[in-house]
Amino acid sequence: MQTEKVIDHIVQWLKDYATKAKVNGFVIGISGGIDSAVTSTLCAKTGLPVLCIEMPIHQAQSHVTRAQEHISDLKNRFDNVTDTRVDLTPVFEEFKTEVLLEGEQDVVDMALANTRARLRMTTLYYYAGLLGRLVAGTGNKVEDFGVGFYTKYGDGGVDLSPIADLMKSEVYDIAKKLDICKSIQVAKPSDGLFGDARSDEDQIGANYDELEWAMTMQNQGKTSNDFSGRDKEVYDIYTSYNRRNKHKMEPIPVCVIPQELK
């Protein structure tokens, strides 16, 4: 990958899109992870106003520390970057008092994790509407179009996706070129939706290098029968997520009424 040229291409794409949309800049949630760090830096390089929002909900301290480190670094490097912190923990706790929390614990936990992401999306769009800006998405290609590892109408609810055509490994290449904080570059990827430091690999059962490989194999028309051992295990993990999460990656189904019935 021609990293510098890719960076320039994305920055110009962001500027062109914002200009055509006649908006004032970007709003982005900062998690302490590599994707939001890279995306916010790319947005900052446009020269347009960028608001970075930290939105903790019982967040692991390591995530909070990395997010704050990145925001501080970004503000020192770019005078078009501002930030705010919205503690959504009280909102989340109040929500829990009003909804049914009965059922299998893992199902309840997942529903609440997705609620965290949706509360953050609501916050981002509040500020975007207030300031006349676009919400910048932070999903990469493997997450958005491979395993669908994001929350529908949560972190998947965005106006534009600057890095969604980049594999995770390519995001790391760009992070290195952009001189993203080392603490973020070496941290294990995590969605931060459970209030602890569990990684994406802990949840999925495969790391991003493995998932990229599986995505490539599927695109080449390979099937599970073509592999054995760990390769087969990874391929099956990937295709299982890909199949279950198609509803996130495809347009909302519309019931088309036959013309003769209208």
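This report describes a sheet, a pocket and a pair of packed helices in a predicted model.

**The sheet and the helix across it**

Four strands, in the order β3-β2-β1-β4, make up an open sheet in which the pairing is parallel. At its edges lie β3, residues 81-85, and β4, residues 134-135, each of which pairs on one side only. Strand β2, formed by residues 50-54, runs parallel to β3 and is joined to β3 by five bridges, and Glu54 stands opposite Arg85 of β3. Helix α5, which covers residues 105-131, lies across β1 (26-29), β2, β3 and β4, and runs at about 165 degrees to β1.

**The second largest pocket**

The second largest pocket has a volume of about 210 Å³, and its lining includes Lys168, Ser169 and Tyr172 as well as Lys188, Pro189, Asn207 and Tyr208. Three helices, α7, α9 and α10, each supply at least two residues of this lining, and the largest share, three residues, comes from α7. By class, the lining of this pocket divides into five charged, three polar and three nonpolar residues.

| Helix | Residues |
|---|---|
| α7 | 168-177 |
| α9 | 200-204 |
| α10 | 208-219 |

**The packing of α10 and α11**

Helix α10 also packs with α11, residues 229-244, at an angle of about 75 degrees, and the two axes are 9 Å apart. Because angles of 65 to 115 degrees count as roughly perpendicular, α10 and α11 are roughly perpendicular to each other. On the α10 side the contact is made by Glu210, Leu211, Trp213, Ala214, Met215, Met217 and Gln218, while α11 contributes Arg230, Asp231, Val234, Tyr235, Tyr238, Thr239 and Asn242. Sorted by class, the contact of α10 with α11 has eight nonpolar residues, together with three polar and three charged ones.

Notes: Residues are numbered from 1 along each chain as its sequence is written. This is a predicted model: local features need pLDDT of at least 70, side-chain atom pairs count only at pLDDT 80 or more; totals for chains, interfaces and linings use all residues. Side-chain values use heavy atoms; hydrogens and water are left out. Two strands pair if DSSP finds at least two bridges between them. Contact means heavy atoms within 4.5 Å. Axes are lines fitted to C-alpha atoms, for helices over the stretch in contact, and angles run from 0 to 180 degrees between N-to-C directions. On a 1 Å grid over the protein atoms alone, a cavity is a set of points where a 1.4 Å probe fits but cannot get out, and a pocket is an open set with protein on both sides within 12 Å along at least five of seven lines; lining residues have an atom within 4 Å of a point. Grid points are joined across faces, edges and corners, and a volume is the space filled by probe spheres set on the points. Ala, Val, Leu, Ile, Met, Phe, Trp, Tyr, Cys and Pro count as nonpolar, Asp, Glu, Lys and Arg as charged, and the others, Gly among them, as polar. Angles under 35 degrees count as roughly parallel, over 145 as roughly antiparallel, 65 to 115 as roughly perpendicular and the rest as oblique.
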